[in-house]
Protein chains: 2
Amino acid sequence: MKLYSYFRSSAAYRVRIALNVKAIDYDTAFINLKQGEQSTPEWLAVNPEGLVPVLEVSTTEKLTQSVAILEWIEETYPQPALLPDSGHERAQVRSMVGQIACDIHPLNNLRTLKYLTGDLHVTEENKLNWYRHWINTGFTAFEKKLVGGLFCFGEQITLADVCLIPQVYNAIRFNVDLTPYPFIEKVYQHCMSLAVFIDASPEQQPDAIL
Amino acid sequence: MKLYSYFRSSAAYRVRIALNVKAIDYDTAFINLKQGEQSTPEWLAVNPEGLVPVLEVSTTEKLTQSVAILEWIEETYPQPALLPDSGHERAQVRSMVGQIACDIHPLNNLRTLKYLTGDLHVTEENKLNWYRHWINTGFTAFEKKLVGGLFCFGEQITLADVCLIPQVYNAIRFNVDLTPYPFIEKVYQHCMSLAVFIDASPEQQPDAIL
């Protein structure tokens, strides 16, 4: 199995955490998003979406879109489970996944911010306002779903933590004040004490330039 | 079961299609996004995310986030299936879901466009450029995943169609030229000949103001 990754990509970071939780061995290849390697003809031949992550699971099978990859990992390697058993609880965890993966991250990722300051001539200050607005809107709602546990849902790591931690990492990088979100911060601190999260973090990646 | 919906919400539209495919009876309630009903204290007490859809499946269970709701519907009412059987094929369909639900829709929905023209003072023309940019970026990649069939994946409706059709409806409303996407257009035309899609369309909803 080979993961095409970029150290700072939140979506790739999610997949790295899930692979670690499942103790799956994998190779890596790096696509430097900052240098535009995602838009080269070579990479578009691999993934026409021009994004990372891609998980190559066989010579003919390449999976794209981080949430689809997370679901594939969960179905293919069921233990330890990253989704609860009951239907309603699974929906709650997947709702948290959607809150991060649909309602926060796409608005704040690199290509979106570049389009704002580039084609739309938005100022650097307004770009940061935009960034923080979507983080604060999303985290305010997310915080209300938490109950002060060590993880987002119950006492086990779920896909909700897998998605939340990279988003918090990103928010900290953009100097977002996390004081209004004590439950989110508690989950973040706890997860960042665990090897499966630490080893997946951007600083620990071979392509990290910090 | 009760669906909290808004006729023009693409995310609610997805859920309406899935409920129709599964032939599930449901009641409806309407949250007028244009009039800001999603931000009232009453609605935030129901859904702190301030969004639709919400699917109330019992007096104590309310599901949020359309993709999480779609997965719940699929798990709870497995027939007719909206995901293929094999793991790799499921990942391909879910990847298409992610392409729409993460990479296009969040950038182009009502609250995002309002923030652009409001707080960021982006012109109406640049708002439309932004809209079309993300549609064209997303549809260009999506088109390459299609092979010219009646549906997005194989000869059955899947969650990919459930997500694509509302996005195409939305693109048409914003006068996006679909000529570069003949496979997407073919899927759209075919789906829009089927009752499960027609009955879910915005025009057919009791709250429609066109």
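Chain A has a mean pLDDT of 97, and 100% of its residues reach 70 or more. Here pLDDT is the predictor's confidence in each residue, on a scale from 0 to 100. For the complex, the predictor gives an ipTM of 0.97 and a pTM of 0.98. This is a predicted model, in which local features need pLDDT of at least 70 and side-chain atom pairs count only at pLDDT 80 or more, while totals for chains, interfaces and linings use all residues; side-chain values use heavy atoms, with hydrogens and water left out. Residues are numbered from 1 along each chain as its sequence is written, and chains are lettered from A and ligands numbered from 1 in the order in which they are written.

Start with the sheet of chain A. Four strands form an open sheet there, in the order β2-β1-β3-β4, and the pairing is mixed. Strands (E, at least two residues) and helices (H or I, at least four) are DSSP runs, numbered from the N terminus. Two strands pair if DSSP finds at least two bridges between them. In chain A, β2 (27–30) and β4 (61–64) stand at the edges with a single partner strand each, so one side of each is left without a neighbour in the sheet. From one strand to the next, the twist averages 20°. Such angles run from 0 to 180 degrees between N-to-C directions, and the axes are lines fitted to C-alpha atoms, for helices over the stretch in contact.

Strand β1 (residues 2–5) of chain A pairs with β2(A) in the parallel sense, over four bridges. Tyr4(A) stands opposite Ala29(A) in β2(A). The loop between α1 (10–21) and β2 of chain A holds Ala23(A). The phi of Ala23(A) is near 55°, a positive value in a residue other than glycine.

Turn to chain B. Its four strands form an open sheet in the order β2-β1-β3-β4, with mixed pairing. At the edges of this sheet stand β2 (27–30) and β4 (61–64) of chain B; each has a single partner strand, so one side of each is left without a neighbour in the sheet. Strand β3 (residues 54–58) of chain B and β4(B) run antiparallel and are joined by four bridges. Within this pair, Glu56(B) stands opposite Lys62(B) in β4(B). Helix α1 (residues 10–21) of chain B packs on the sheet, touching β1 (2–5) and β3 of chain B. The direction of this helix makes about 150° with that of β1(B). Contact means heavy atoms within 4.5 Å. A hairpin joins β3(B) to β4(B) through two residues.

Two cis peptide bonds deserve a look. One joins Val52(B) and Pro53(B), with omega about 0°. Pro53(B) lies in the loop between α2 (41–46) and β3 of chain B. Another joins Gln79(B) and Pro80(B), with omega about -10°. Pro80(B) lies in the loop between α3 (66–76) and α4 (87–101) of chain B.

Next, the relation between the chains. A rotation of 180° with 0.0 Å of shift along its axis superposes chain B on chain A, at an RMSD of 0.0 Å. The two copies are thus related as by a two-fold rotation axis. Superposition is by least squares on the C-alpha atoms of residues with pLDDT of at least 70 in both copies. Of the residues of chain B, Cys102(B) comes closest to the rotation axis, with its C-alpha at 2.3 Å. The same surface serves both copies: 100% of the contact residues of chain B recur in chain A.

Last, the interface. The contact takes 40 residues from chain B and 40 residues from chain A. The area buried between the chains is about 3700 Å², and carbon and sulfur atoms give 63% of it. Buried area is the accessible area (1.4 Å probe) that two parts lose on being put together, summed over both. His88(B), Arg111(B) and Tyr115(B) supply 15% of the area that chain B buries against chain A, more than any other three residues.

Charged pairs also cross between the chains. A salt bridge is a side-chain nitrogen of Lys or Arg within 4 Å of a carboxyl oxygen of Asp or Glu. Asp103(B) and Arg111(A) form one of them, at 3.9 Å from N to O. Asp103(B) lies in the loop between α4 and α5 (105–108) of chain B and Arg111(A) in helix α6 (residues 110–117) of chain A, so the pair joins two chains. Lys145(B) forms a salt bridge with Glu49(A), where the closest N and O atoms are 2.5 Å apart.
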